[in-house]
2 protein chains.
Amino acid sequence: MESRSRESKKGTNVVWHNHKVTKAQRSALKKQRPCILWFTGLSGSGKSTIANAVEGRLYEMGRHTYLLDGDNIRHGLNRELGFSDEDRVENIRRIGEVSKLFVDSGTIVLSAFISPFKSDRMKVRELVEDGEFIEIFVDVPLEVCEARDPKGLYKKARRGEIGDFTGISSPYEPPENPEIRLPAHEQSIEESVEQIVDYLRERGYLDGK
Amino acid sequence: MESRSRESKKGTNVVWHNHKVTKAQRSALKKQRPCILWFTGLSGSGKSTIANAVEGRLYEMGRHTYLLDGDNIRHGLNRELGFSDEDRVENIRRIGEVSKLFVDSGTIVLSAFISPFKSDRMKVRELVEDGEFIEIFVDVPLEVCEARDPKGLYKKARRGEIGDFTGISSPYEPPENPEIRLPAHEQSIEESVEQIVDYLRERGYLDGK
């Protein structure tokens with residue numbers, strides 16, 4: 001058996017030796033322009049429901065997506081983080097970094113977190129290239145969200161059983177110039193989905209198929 | 001303008017309301033069985049070079065991949081972590097969690113980190129389903145890695161300028177039963193790539209195309 005050094009065989013391996021598959025190549029393979037659909041809004045505004053519906057719609061269209069939400073982040077990557085201001089900042093920072101990796105992989109990533117602080121959302125925007133961060137403000141008033149209270153969290157927060165609850169005991173800073181604003185209490189989920197898919201279609205994110 | 005509640009329009013939205021796109025659906029769209037190719041080995045053993053070559057080869061085959069390495073992790077998600085034992089554990093934990101998310105997205109994810117501790121690698125294995133964690137031991141002896149010393153790190157470590165350097169001042173715990181063992185100093189990069197692609201092909205990871 002001949003022992004061959006890396007160098008002696010370089011000639012047979014010209015294509016990928018020291019070459020990396022690029023974001024452009026991964027996106028081309030997926031025939032789409034990757035981006036982050038960053039949903040922000042109060043608890044109970046419908047972020048997660050709408051994001052799931054958008055992912056479902058894009059899947060039907062043969063698009064490559066991934067959805068980050070409390071289910072797969074809070075029990076995994078960010079399991080040790082709580083809800084203090086410091087931990088909320090770190091929570092969003094990590095979600096931003098993971099979103100960036102998915103964009104780099106060519107994926108349309110959907111992120112559904114309250115993400116109440118403007119500065120945190122801005123930092124995620126700055127992590128990626130122009131046009132890759134699409135801020136979607138699920139703009140449902142506090143009183144509507146509180147009346148819905150799907151998980152009973154507002155009730156608990158009002159009783160003082162949850163500290164730092166966004167909208168009650170912790171601020172929500174609404175986006176000033178979101179790419180998309182969804183008055184989700186005044187329209188159907190399907191209309192919200194259409195609004196987002198139209199945005200993507202019109203701006204060429206879905207080109208390539 | 002009519003104001004419509006979420007409920008009143010539910011009928012038009014039966015498919016994706018409260019449904020989630022599943023890992024099985026995302027994998028089917030990508031026509032592959034997702035997994036983690038977890039490269040482990042000493043600094044200078046060739047993990048990153050081989051992982052890049054494997055990704056290149058899979059890309060040529062139309063496969064959906066993503067490579068996690070120092071470049072995209074240490075400067076992003078894990079930027080605040082150092083090289084203490086505690087930080088190394090957290091480094092690998094986060095990489096494992098991110099790898100799991102990529103597997104959930106249907107992607108074949110390649111991870112190229114020294115990952116010296118058996119227990120850390122075991123934890124990543126346990127995060128995912130049976131057969132989804134493929135441990136690849138880049139089995140190059142310390143003396144070969146040190147002679148190569150592509151980044152001059154061994155020299156610095158020997159001079160005491162880097163603390164906790166794997167193989168010198170910090171242990172490397174080799175895998176006992178890796179799915180794939182690459183004697184990368186005795187074979188070409190291309191042969192290592194073939195070994196891995198054959199493994200994937202024979203076990204059905206690349207079925208569906």
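Two strands pair if DSSP finds at least two bridges between them. Helices (H or I, at least four residues) and strands (E, at least two) are DSSP runs, numbered from the N terminus. The model is predicted: local features need pLDDT of at least 70, side-chain atom pairs count only at pLDDT 80 or more, and totals for chains, interfaces and linings use all residues. Residues are numbered from 1 along each chain as its sequence is written, chains are lettered from A in the order in which they are written, and side-chain values use heavy atoms, without hydrogens and water.

In chain B, strand β4 (residues 133–138) and β5 pair in the parallel sense over three bridges. B:F137 stands opposite B:R181 in β5(B). Five strands of chain B form an open, parallel sheet in the order β2-β3-β1-β4-β5. From one strand to the next, the twist averages 20 degrees.

Chain B also touches chain A. The contact (heavy atoms within 4.5 Å) takes 55 residues from chain B and 56 residues from chain A. Eight salt bridges are counted between the two chains; each joins a side-chain nitrogen of Lys or Arg to a carboxyl oxygen of Asp or Glu within 4 Å. One of them links the side chains of B:K20 and A:D71 (2.8 Å, N to O). Elements that give two or more residues to this side of chain B include α1 (23–30), α2 (47–60) and α8 (189–202). By class, this side has 14 nonpolar, 18 polar and 23 charged residues. Here Ala, Val, Leu, Ile, Met, Phe, Trp, Tyr, Cys and Pro count as nonpolar, Asp, Glu, Lys and Arg as charged, and the others, Gly among them, as polar.

Note on methods:
Axes fitted to C-alpha atoms, helices over the stretch in contact; angles between N-to-C directions.
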